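Biologist: I'd like a close look at one part of this protein, the charged pairs, and at what surrounds them. Could you walk me through it, starting from the overall fold?

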Amino acid sequence: SVASLLMGWLPYAGVLSVLAAGKGRSQARKFAVTNALVQIGVFVPLAHLPCYLTGVMSWVDLAWPTGLVALGLQTLFFSLPSQKVGGGKALTPMAPKLAGVCYLFQGLRMAAGAALMAKAGHFKEDLQRYKYQYEQRWAKRGIRPGTARFKLAQQKDIFAQALANMGTLAVPAALTLSSPSTGSVAVRGNDVAALLLWGLSYWFEHASDMQKQRWLRERRRARGEEAARLGAFCQEGHWRYCRHPNYLGEWGVWCALTLLALPALAQHLGTTRGQSASQPSAPSSAGLEAAADWARKAVLAGGLASVPLTMYLCLTWWTGAVPAEFYSKQKRKGYAEYMDTVPMFFPQLVSFKGGSKHK
């Protein structure tokens, strides 16, 4: 769809065009081209072909995190020294290396979970979030299962997630890789803050998933009063404070990657391009150069800001909370009341009388 194209590719296209026009443009182009080819190499065998053969779009849940693993490995590779400084090895910034590790571990955790789901046979039919896509979004546009248009829509939706890995979600990597060598490999305060946020978010997401898995195991064994106590859905641990704490943790991971790229963005925002003082330009030309410089900075800032925004929309609206809760309200007793008393995404630790916490 147009919305997925805007979220998945256009912000990165703007960032890439700016980076490719400046210093290190060859590196930026190489990274963009390599990542695009690698993501296609991941998504075609792991999602596009399986979906074409089985009609199940859930295979993209394996391809997307595997693409993040590939993105992390590429970021680490491109962060290796490529030039000599003072007769020795170049001292490249730590940020791209740290970003590569963050991508890698986030992708590995989710890819391992998806692989276990596939092995257990959960990809024999589509997960609820994709059924919601079919029944509540595509059906309204006349896209029906079994038709060529439906199969094409599946392939387009899978490719939209591939575009996200090629585009918006690669912005932190592209920006950190564009940082010039500083002659120091010291970890900066911003790096420490980003790592702390990433570690906390990673733990929060994993702990939330484990809490729900433990609840599911206990619920299967429970009988009578114990089954009634456990209820029809998980409300233990982090799930008491927001309805999708695992999604909140995942969003925090992307906020951490965004924070990690802020110093690189600041370097670009602090750089003014134009003619040198020895070659003064006419007032009209100077005005155009200033406008172009502001536009360049706006594109870079907007591109990085699109990362947490895109993931928030994805985790709440596109494939996350909204599709899941549509069916939970129908199948799980008391879930509508749970929605009225517990926030969807951001925890509300202090209760206030009146009003719904649905948002």
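Predicted model: local features only at pLDDT ≥ 70, side-chain atom pairs only at ≥ 80, totals over all residues.

Modeller: The secondary structure comes to 15 helices and two strands. Of the 359 residues, 46% count as buried. The accessible surface is about 18200 Å², and 65% of that belongs to carbon and sulfur atoms. If you take the contacts with a separation of 6 or more, 78% of them are between residues 24 or more positions apart.

Now for the charged pairs. Side chains of opposite charge can pair when their charged atoms come close. Searching the whole structure turns up six salt bridges. Let's start with R109 and E205, whose side chains meet with N to O at 2.7 Å. R109 sits in helix α5 (residues 95-119) and E205 in helix α9 (residues 189-221), so this pair ties together parts that are 96 residues apart in sequence. Both partners are buried: R109 has a relative accessible area of 17%, and E205 has one of 3%.

R109 has another partner in D209, with the closest N and O atoms 3.1 Å apart. That pair again links distant parts of the chain, since D209 is in helix α9 and R109 in helix α5, 100 residues apart.

Another of the salt bridges joins D191 and R188, at 3.6 Å from N to O. Here D191 is buried, at 0% relative accessibility, whereas R188 is partly exposed, with a relative accessible area of 32%.

What about the nonpolar surroundings? The largest nonpolar core has 67 residues, and F31, F43, W64 and W254 are the ones with the most contacts inside it. Helix α11 (residues 245-260) gives the most to this core, with nine residues. If you click on W254 and skip its neighbours within four places in sequence, you'll find it in contact with W64, L68, Y103, L169, V307 and M311. Apart from this core lies another one, of eleven residues, including C234, W239, Y335 and M339.

In the model, residues 36-56 are 90% helix and 0% strand, with the end C-alpha atoms 24 Å apart. Residues 62-80 come out at 89% helix and 0% strand, and there the end C-alpha atoms are 28 Å apart.

Finally, how far does the predictor's confidence go? The average pLDDT is 85, and 81% of the residues score at least 70. Confidence is highest in α11, at 97, and lowest in strand β1 (residues 84-85), at a mean of 46. Over residues 83-88 the pLDDT stays under 50, and the model has six contacts beyond four places in sequence for that stretch. The pLDDT is also below 50 over residues 274-278, a stretch with four contacts beyond near neighbours in sequence.

Technical notes: Residues numbered from 1 in each chain as written. Heavy atoms only, no water. Core = buried A, V, L, I, M, F, W, Y, C linked by side-chain atoms within 4.5 Å. Buried < 20%, exposed > 50% of the residue type's maximum accessible area, 1.4 Å probe, protein only. Helix = DSSP H or I, 4+ residues; strand = E, 2+ residues; numbered from the N terminus. Contact = heavy atoms within 4.5 Å. Areas by Shrake-Rupley, 256 points an atom, 1.4 Å probe, with all protein chains shown as cover. pLDDT = per-residue confidence, 0-100. Salt bridge = Lys/Arg side-chain N within 4 Å of Asp/Glu carboxyl O.
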